[in-house]
Number of protein chains: 2
Amino acid sequence: MDFVTSRLNDTPLDPFIKKIYLELPKPSLNDNTADVDRLIKGLKKNKKFAGVQLWNYDFDFISSTLRNSDFKVTSILADDHNIPKMLGVESGDTSGRNFGVGVDIGSTRLAFYFLDLTSGKLIEKRSVDNPQIPHGEDILTRIVYAREQEHKEQLRKELLDCCNNTVVEMCKDHNVDLNEIYSWSFAGNTTMTHFFLGLNSQNICKEPYIPVINRIPIMPVSRIGLKTNLDGLAYVFPNVGSYFGGDILAGILVTGMHRREEVSILVDVGTNAEVVIGNKDWLIGCAGAAGPALEGGVVQVGMMAKPGAIDKVRINRETLEPEYTVIGNEKPKGICGSGLIDLVAEMFEAGILDIQGKINTKLSHPRIKLIDDVPAYVVVPGKDSATGTDIAVTEVDIKILLKSKAAMFTILTIVARKVGLELKNIERFYVAGTFGNHIDPEKAITIGMLPDLPRDRYIPVGNTSGVGAAQILLCGKLIGEVEDICNKITYIELNVNAELMAEFRGALFIPHTHRELFPSVTAWM
Amino acid sequence: MDFVTSRLNDTPLDPFIKKIYLELPKPSLNDNTADVDRLIKGLKKNKKFAGVQLWNYDFDFISSTLRNSDFKVTSILADDHNIPKMLGVESGDTSGRNFGVGVDIGSTRLAFYFLDLTSGKLIEKRSVDNPQIPHGEDILTRIVYAREQEHKEQLRKELLDCCNNTVVEMCKDHNVDLNEIYSWSFAGNTTMTHFFLGLNSQNICKEPYIPVINRIPIMPVSRIGLKTNLDGLAYVFPNVGSYFGGDILAGILVTGMHRREEVSILVDVGTNAEVVIGNKDWLIGCAGAAGPALEGGVVQVGMMAKPGAIDKVRINRETLEPEYTVIGNEKPKGICGSGLIDLVAEMFEAGILDIQGKINTKLSHPRIKLIDDVPAYVVVPGKDSATGTDIAVTEVDIKILLKSKAAMFTILTIVARKVGLELKNIERFYVAGTFGNHIDPEKAITIGMLPDLPRDRYIPVGNTSGVGAAQILLCGKLIGEVEDICNKITYIELNVNAELMAEFRGALFIPHTHRELFPSVTAWM
């Protein structure tokens, strides 16, 4: 079982939205409580719901449901900051049917965690491409696109339709009625959250980088446009800032680093690298551009981690011939982030690359050649690739990758230093995101992207965002915990100053100018 | 100044909905709080709003309002059970413009209290006929009418349109924009409240007499259909039961009897007589049919207290000729409740009526004659009436009236006895409703309807329902006080038993079989 699935199983079952079956006393001359009041009174008998508030204005519907079902009804309740809210009522005992959907709104993919909230079981996890990709693979392009009011609305609608359609399909596959879904939870970065809620994203990307809203109140699903039970509620993870969103907060929640004595680090590398360091007493977060080289579109042969992408590479130290695996076992189309890290690490260890990232063109080998006068290493010759052209990495590509990895290492160093720690003192190192699932920490250490810690301190945590969203539905009290995290975290801006530039320049080498920082890598050198 | 106006002036000004002007710090790289969060943060600086909750999902609107007004905005806040709710925001300083409307939803008339909530002043009180009257003067007829779904909706819409239209007119007359009204408060009896909210009223009038809802949550005006500022809220007084509604609770609130050491009684006579007895420690309420004779439609010449109704009568002890006043100084059309009480009391004191309510036909007087073989007294001969026919009261009419007054006195006696008190120990006796405004307690005592207390203990309180509604808007904390009243009050059913029947029979006489109960009336006998 992977880390996140185990976290779902560890979550105590006390769902954000509960269903309570009640057999109410019938009205009589001696008990002339009004219908709606009778339901509320019945709920209040349970200590847990003593402070219950009526959160449904369709009084006639409640009344007729009570009367048509002989006052045996199931009440739908939300636990909002310890104030139970009565959202609706159903005839008879339907308390065994209570479903929810936790969603990771990733800029590339949306992941849906379909939960049975009676048993606490994950019914299915389904991933879908983000339908906004045609408007720009990177998020900045989409923000520019969203400048037009109608585009903003289009981006919103695409995400909403994606959510509704996916859930319709999942319901069909698992014999669940749409009306049996009462709760949603969404975690995404700040911009995706803005797109999803149809909010103006224009101020996110220009100084001083201000979102419309960070702390989003719990909302009726009807207000968002979700087509599940209209009495239901949606929770949207808060943001800390424009470059530090709900996805990372969900990550913190999932790792539990905010509950432990020891200091942990969580890194999530996507377009940006977000880093959190801290423990139960404090949390420091920061974000910086570190990832672009690891996604599609920057490195020439780079691509997203999807079918056709080379995700693992090994190079024979003698023959200098590569072995690789391709996602989906297809003909390779390009190389994804983890594949690039593997490749550069292996080229370095095989002696193809020097510590400055230069390819040793003196090695006479058919795979080492000049492409447009730039030295390159051919991973897949055109005859074996899906495109018919060579899949090769050039010195230019490697330079870009080294800049990314240097940025990553610099951010980690600076953040640790800010709290007076050295990286080697970090007890747990969580690597999140698609990156975290595919990356080989060994190789990332080899190129000097991640610090040279004992390997067992590295914990790949996969899609923490979706799991965090799912956890909220399983246990409503975690909403308060997310708020605590949000209140506790200090976001720091990494200003480009002399200290940072010196660190960065040192980190541009493989693994680093200061070899002593990477003893396990440089032992053979 | 009458009792209720003075009560309005005495209400501490701490409106249910407040407007707070804020000059927020502008965003910068050192303060990158999101727009909506910035507003909430600004509010939280004021201790009073430390726990403020965001109660508006139009985040983009809030954001753009902030930005378009240089972060100088007025926030609209509701005080709901001590949890401040941020309802909306306006550009610049509009805190001087905050209006509200308290409404008494009477079955006959609607009274609107238009309030300036900045100064606490009553701008205007306006009354309008209840537009439902064509569907039945009495409420039971309307309930029968409302059996059809579309009629129920029609009754709702008539009241809603009446509210919207009246407020549009008042706004025009006082240069107030509809959007400057953020709060409404409604008090009516249980059935009128059901009509107003479009709720099923069918179970109110059949055993075991169960309303759809008694404790109505605070509602967004948009949900009700009110056309004032859409961020606004409406408070609807709760009911205690089918025959004990929000109008009486408003009455208790206005009298303040629930805050005093001494025991008071509040009676409100309309179609029913509602009676509350109690003090700061306990409250007992009951209701019974006592009023019909005092409204139109039962006594042949009876009519509502409106223009054309005789409301005061004096009979010359020598000549037996009547003098009367007519509401609106028109030609008389009939006699309203207070006129009937006056008339019977005067007839009794002038010797026209004996203690059993029989007309002394031995008196040879042109005004005393037989109508359809029934002895009668002509108050207005046909030539002087608006209808061209005699306005006369017959023994049959008087019998009906005596039944009503006997019922009233019986209810009072029984209720007082239930709590171990005698009526003479009641310190304050509030007489509410239209009845309370017109009735002459002296005459009501003469016929034995009200107990023979020192006259200064009688306090006519007029339209407590509308004033109570207005008070809520002036001081939001009173919402909690109404809840306390609602929790404290014990509603008792007056079961028809031997004790009650004996009381009733004794009370059928003028003033009573037990003359000693009415020493000031029977002194001359």
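1. Two strands count as paired if DSSP finds at least two bridges between them. With that in hand, look at chain B, where an open sheet of 6 strands runs in the order β21-β20-β11-β12-β13-β22, with mixed pairing. Strands here (E, at least two residues) and helices (H or I, at least four) are DSSP runs, numbered from the N terminus. β21 (458-462) and β22 (489-491) of chain B sit at the edges with a single partner strand each, so one side of each has no neighbour in the sheet. From one strand to the next, the twist averages 20°; axes are lines fitted to C-alpha atoms, for helices over the stretch in contact, and angles run from 0 to 180 degrees between N-to-C directions.

2. Some housekeeping before going on. This is a predicted model, where local features need pLDDT of at least 70 and side-chain atom pairs count only at pLDDT 80 or more, while totals for chains, interfaces and linings use all residues. Residues are numbered from 1 along each chain as its sequence is written, chains are lettered from A and ligands numbered from 1 in the order in which they are written, and side-chain values use heavy atoms, with hydrogens and water left out.

3. β2(B) runs parallel to β4 (residues 83-91) of chain B, with 2 bridges between them, and B:Leu54 stands opposite B:Met86 in β4(B).

4. Now the interface. Contact (heavy atoms within 4.5 Å) involves 42 residues of chain B and 43 residues of chain A. The buried area is about 3400 Å², with carbon and sulfur atoms giving 62%; this is the accessible area (1.4 Å probe) that two parts lose on being put together, summed over both. B:Tyr57, B:Phe59 and B:Asp60 supply 19% of what chain B buries against chain A, more than any other three residues.

5. What about charges across the interface? A salt bridge means a side-chain nitrogen of Lys or Arg within 4 Å of a carboxyl oxygen of Asp or Glu, and there are 2 between chain B and chain A. B:Asp60 forms one with A:Lys152, the closest N and O atoms being 2.6 Å apart. On the side of chain B that touches chain A, α3(B) gives the most, with 4 residues.

6. Over all chains, the structure holds 71 salt bridges. One of them joins B:Arg109 and B:Asp129 (2.8 Å, N to O). That pair links distant parts of the chain, with B:Arg109 in β6 (residues 109-116) and B:Asp129 in β7 (residues 121-129) of chain B, 20 residues apart.

7. Finally, some backbone details to check. The peptide bond from B:Ile510 to B:Pro511 is cis, omega about -10°, and B:Pro511 sits in the loop between α15 (498-507) and α16 (519-522) of chain B. In chain A, A:Asp70 has a positive phi of about 55° although it is not a glycine; A:Asp70 is in the loop between α3 (59-68) and β3 (72-80) of chain A.
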